[in-house]
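Thanks for coming. I have one structure to go through today, so let me put it on the screen.

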Protein chains: 2
Amino acid sequence: VSSRGEKIVVVGGNAAGLTAASRARRLDPRLEITVLERAPHAAYSTCGIPYFLAGDVDQESLVRMTPADFQRERQIEVLTSVRVDEVAPSRRRILATRTDTGEAFEARFDRLLLATGVVPNVPEIPGTDLPGVHTLVGLTDALRLAPELEGAAQAGIVGAGYVGLEMAEALIRLGKKVTLFEGRDRVLPGLDADMARIVEYELRRNGVRVHTHQKVTALAGDGDRVRSIHTGRSLGSTPVDVVLLDTGVRPNVELARSAGVRTGEGGGIVVDPWMETNLPGIFAAGNCTEAFSRLHARAVPGYLGTVAAKQGRVAGENLAGRRTQYAGSVGTIILKAFDLAIGKTGLSSDEAQSERIPFTSARIEALDRAAYFPGAGKIWLKVLAATDNHRLLGLQGVGYGDVARRLDVAATALTSGMTLEELANLDLTYTPPFGSLWDPLHRAAQAALRNLSSPG
Amino acid sequence: VSSRGEKIVVVGGNAAGLTAASRARRLDPRLEITVLERAPHAAYSTCGIPYFLAGDVDQESLVRMTPADFQRERQIEVLTSVRVDEVAPSRRRILATRTDTGEAFEARFDRLLLATGVVPNVPEIPGTDLPGVHTLVGLTDALRLAPELEGAAQAGIVGAGYVGLEMAEALIRLGKKVTLFEGRDRVLPGLDADMARIVEYELRRNGVRVHTHQKVTALAGDGDRVRSIHTGRSLGSTPVDVVLLDTGVRPNVELARSAGVRTGEGGGIVVDPWMETNLPGIFAAGNCTEAFSRLHARAVPGYLGTVAAKQGRVAGENLAGRRTQYAGSVGTIILKAFDLAIGKTGLSSDEAQSERIPFTSARIEALDRAAYFPGAGKIWLKVLAATDNHRLLGLQGVGYGDVARRLDVAATALTSGMTLEELANLDLTYTPPFGSLWDPLHRAAQAALRNLSSPG
């Protein structure tokens, strides 16, 4: 770990970039580390934004550390409102602009980390540039949206991904009338249809108007701002005061590409197991990359803060001269929508089919603890396993109880390649206030094993 | 699976015995299955007893299924109040007595399962036979205790194991004055002292008088009933109206031994991986056995319903003619005491030392979810790992939040032999309402890794 006075530049001041910077600093106190963030804010909890907009958390609490904190506590220079215009790999320089003053400057690096995150996919339909139409990929978007929400009575959400659902809850809690449009046959298309239906029920129960199979064809306004959402189906038009687009994101790789950094089929920066790109000394981490997925046994883009932070940690170790490999993700995700916890680890049925893995699945319904305990909640688990070797492929969980616990156990089991038999025999905790003698996860594994052993 | 008309007799009608009977029935509808239970009750939730005594759950709800349910739903004959006096292996017969009528009878078996559970260890001190002194290993004990609690104002608990702590909470909630005596230096001696201290604080905060390092030397009474607890130390005597003995249990193996079934060093019935004893066709399962522990790589007694049920399931498969091996436990346990969840999986520091495994440990304190979320609670995790290969050895968790989740993940990681590095990189769930970007478990693993990498 000898890299006296070496200069590290990190492009991007969120989960991946700041985790990398912090990890590198901890391993090597002599490094000079600068983080450049295009937005006026860095180091905030992206996942906390729906709760910020709902009023649960204020902006100060959303921000984990200020640039001054980074300087004082970790001797990391964090510069916000800085746009990096060019990376010159051969000269080991970046060219950047302070967006508040317009001032251009150059910075030298020995090693560079690209942690540029994502940009929103805006659908190619009329009206997306109308005032009142918002994407929601960062705090800048949220701060633009917040004041508009005050006057808005009717909100439309285009796309029923996890941010769309979290925002549906936030807006309902703020007293808005909320209409959610999803072009596919279900909300959260990453889940199986039977699990997604439970989510739809919860959304409707809480007053969200859910329209699936409804492709939005246009947003219309009166010049001043957006006023209605139009779909290609019988629904016609829905009046709105504000529109949120949850229509996907893609890796933000323009800067990387123009510097000669290679991107892959999924559109993300290609990295090796050490998070290094094709250009020596230039690393990438987080949602701008295509990183190794243990499930697919290949690199796939993944847009999660948890994955970004873990990649950032690995990149930070390697920026500091270690040789640490990224372990890979298993696609674990959870969200809350109203009283429901909703999540997944591993593959859904659609995903297992596209991977051409023959599989069986079983869905069970259970209470998450003894029925006589206050707070006992119903949960649904759906387990998928490979037909040939009985290996766990994925778990989906939805429910009014402790779903996170079962997903985390399944994620651990997936990581170590456990079979259904092993899952069914795990020595898990039990006491009536917190669980069942046979955990719902045991029962799901047993149900899948019965499917495998029964003929036909 | 061909065993037409074969006769299965199960001795013991709780977790292990009834799980085995039910599993055998499901696999083979032709078996004749009889379960003999000495007590007047079978099929109740032993773990629910403290909650029954506290008034949270009534007797009917504590009992999962009645003998009539077993007959109707599973064609299993469950006979209660039947004492098995003798097993005659060569004649394939058991000799039994109906304790309510005194009637003796014989029953033939092709395969026998011993699931006789445990008997309480009563300390060899004066006064344990006084009225008002109770052990608490089953519903019979609980039903004897319940009416006495009504008149009792002051309760003494001898032994601070998990039943002792659950009962301390139950009795405080019933408005009793509760004094807890433990001969060792801490409550829950299965935990490390630093973790046990957090538990002691919670007990005291809720009004339990906790006396550790206090060996009870005598119980004294006025002939009518117990009136005081005496210790060898300065404390002198403590007035009580009722005493609970939580002074350990041992495998109930008298019947087995007299039949020639071999028991081991831990006092439990020795079984092979198929839960068969040294006598062919005679199986044993549950807390009367010494079963394989993955942690010790040998058989150890374990007194938990979860383990009993899993052994019962394996025994049931083998009773029905399958050849299923028991996977082994990792010593996972959890309990609730007041607002605290307390648990462990794997080895404690004392246990790792007795196994002569060089290890490192790290304890962390964390919130179990984003601080701004209602219900966010502080938890403490202590992780132990082997110094040489960094393999996880155990996790202890105590806290006012979701401890079960972290224990279950650690139990899964232990089962698959994960290292600290793997634990630190697990792709676990995160959303602010349910967790942290870096889970407390990640942070505990990272802390232990720092200990391993720092000199000294």
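Leaving aside its neighbours within four places in sequence, which residues is B:Thr128 in contact with? Before the answer, the conventions. This is a predicted model, where local features need pLDDT of at least 70, side-chain atom pairs count only at pLDDT 80 or more, and totals for chains, interfaces and linings use all residues. Residues are numbered from 1 along each chain as its sequence is written, chains are lettered from A and ligands numbered from 1 in the order in which they are written, and side-chain values use heavy atoms, with hydrogens and water left out.

Back to B:Thr128. Contact means heavy atoms within 4.5 Å, and the partners are B:Val122, B:Pro123, B:Val133, B:Leu219 and B:Leu245. B:Thr128 sits in the loop between β8 (118–120) and β9 (133–135) of chain B. Helices here are DSSP runs of H or I with at least four residues, strands are runs of E with at least two, and both are numbered from the N terminus. From the C-alpha atom of B:Thr128 to that of B:Ala413, 285 residues apart along the chain, the separation is 43 Å.

Next, B:Glu202, in helix α7 (residues 193–205) of chain B. Is B:Glu202 buried or exposed? Buried means under 20% relative accessible area, exposed over 50%, and partly exposed in between, with a 1.4 Å probe and protein chains only. B:Glu202 has 0% and is buried. Not counting residues up to four places away in sequence, B:Glu202 touches B:Ala337, B:Phe338, B:Asp339, B:Leu340 and B:Tyr400.

Now a helix pair. In chain B, α1 (residues 15–27) packs against α9 (residues 305–319) at an angle of about 35 degrees, the axes being 7 Å apart. Axes are lines fitted to C-alpha atoms, for helices over the stretch in contact, and angles run from 0 to 180 degrees between N-to-C directions.

On to cysteines. With a disulfide taken as a pair of cysteine sulfur atoms within 2.5 Å, the count over all chains is zero. B:Cys288 is buried at 0% relative accessible area, while B:Cys47, at 25%, is partly exposed.

Last, the two chains. The same surface serves both copies, as 100% of the contact residues of chain A recur in chain B.
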